Amino acid sequence: MWYWTLLALLAVSISVAASLNSRPKSWTYTLKETSSHSSNESIVKADTRIERIGRAEFALSGSLFIGVQVPEDLEVEVLAYRSPDGGDNYKLQPYSLQRQGIYAAMNSFYKDMIMDSVASCSNLPQFTEKLTVLPAQTFHYDKCQISTDSFPQYLPDGWYKLNFVTYGIVEVVWELIIIIEKKSL
Ligand SMILES: *[C@@H]1O[C@H](CO)[C@@H](O)[C@H](O)[C@H]1NC(C)=O
């Protein structure tokens, strides 16, 4: 009868694993490339790289130097492009963040999608109320993995290029290329 016990244990562990992620994704991601460019490195200088942290796992490390208190009229936009052909042709996707003030983006997009993922691997801002001032400082992030909990359950596979862009006293382009693949079951 030992195998019934084994099966029961297996069933319990599978249901525990399933309940840990109540909205299972149909996809997995791999970080492929990252780069950044700033129009004035005395205002913003970013350094970004991908590090391998396991057999098939990757994480993001880098730093973000901000030389001035971030002005309210700095605007930010996130553009998402998808390539179905391994990075040869990219097309702009609808899942992007509309151009908006940096503080509005920090209080919505950053707070909802990124803040939790970077809590334990960086000194990027953590706040519960509203962020109103970002003083001059240097942020560091070390082997951060982005939690996909708040991402769509389904994403078409392909290469995705995400561009975080600023407009105003400094133009920064921070780029991340991610490969989305169907989860093999
Ligand atoms: C970069 O920004 C600094 C500080 O605002 C300014 O003094 C400098 O002229 C800028 N450099 C360029 C190339 O725009």
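Residues are numbered from 1 along each chain as its sequence is written, and side-chain values use heavy atoms, with hydrogens and water left out. Because the model is predicted, local features need pLDDT of at least 70 and side-chain atom pairs count only at pLDDT 80 or more, while totals for chains, interfaces and linings use all residues.

The protein chain contains 2 helices and 9 strands. Helices (H or I, at least four residues) and strands (E, at least two) are DSSP runs, numbered from the N terminus. Along the sequence the order is α-β-β-β-β-β-β-α-β-β-β. The chain has 185 residues, and 34% of them are buried. Buried denotes under 20% relative accessible area, exposed over 50%, and partly exposed the range in between (1.4 Å probe, protein chains only). Accessible areas come from the Shrake-Rupley method with a 1.4 Å probe; for residues, only the protein chains shown count as cover. Of the contacts in the protein chain with a separation of 6 or more, 62% join residues 24 or more positions apart. Contact means heavy atoms within 4.5 Å.

A side-chain N or O atom of Asn-40 is 2.3 Å from an oxygen atom of the ligand. Ser-42 also places a polar side-chain atom by a ligand oxygen, at 3.3 Å. Taken alone, the ligand exposes 370 Å², of which the protein buries 26%. Polar contacts are pairs of N or O atoms within 3.5 Å; within protein, one must be able to donate a hydrogen and the other to accept it, and residues adjacent in sequence count only if both atoms are side-chain atoms.

Side chains of opposite charge can pair when their charged atoms come close. The structure holds 5 salt bridges. A salt bridge is a side-chain nitrogen of Lys or Arg within 4 Å of a carboxyl oxygen of Asp or Glu. One of them joins Arg-49 to Asp-47, with the closest N and O atoms 3.3 Å apart. Arg-49 is partly exposed, at 39% relative accessible area. Asp-47 is also partly exposed, at 36%.

Another salt bridge pairs Lys-182 with Asp-157 at 3.1 Å, N to O. Lys-182 lies in strand E9 (residues 172–182) and Asp-157 in the loop between strand E7 (137–144) and E8, so this pair ties together parts that are 25 residues apart in sequence. Lys-182 is exposed, with 60% relative accessibility. Asp-157 is partly exposed, with 29%.

Lys-143 and Asp-142 form a salt bridge as well, at 3.8 Å from N to O. Lys-143 is partly exposed at 40%, and Asp-142 is partly exposed at 44%. Lys-143 belongs to strand E7. Although not a glycine, Lys-143 has a positive phi of about 55 degrees.

Lys-161 presents another case. This residue sits in strand E8 (residues 158–167). Lys-161 is buried but has no salt bridge. Its nearest side chain of opposite charge is that of Glu-175, 4.6 Å away. Lys and Arg count as positive and Asp and Glu as negative, whereas His and the chain ends are not counted. Leaving out residues up to four places away in sequence, Lys-161 touches Leu-79, Ala-80, Tyr-81, Tyr-90, Glu-175, Leu-176 and Ile-177.

Two loop residues complete the description. Tyr-154 is found in the loop between E7 and E8. At 57% relative accessibility, Tyr-154 is exposed. Beyond neighbours within four places in sequence, Tyr-154 contacts Ser-26 and Trp-27. Tyr-154 and Trp-27 are 127 residues apart along the chain, yet their C-alpha atoms are separated by 6.8 Å.

Ser-122 occupies the loop between helix H2 (102–114) and E7. Ser-122 is buried, at 16% relative accessibility. Its contacts, neighbours within four places aside, are His-140, Tyr-141 and Cys-144. Ser-122 and Tyr-141 lie 19 residues apart in sequence and 4.2 Å apart in space, C-alpha to C-alpha. The Ser-122 side chain reaches the backbone oxygen of Val-118 at 2.8 Å. A polar atom of that side chain also lies 3.0 Å from the backbone nitrogen of Leu-124.
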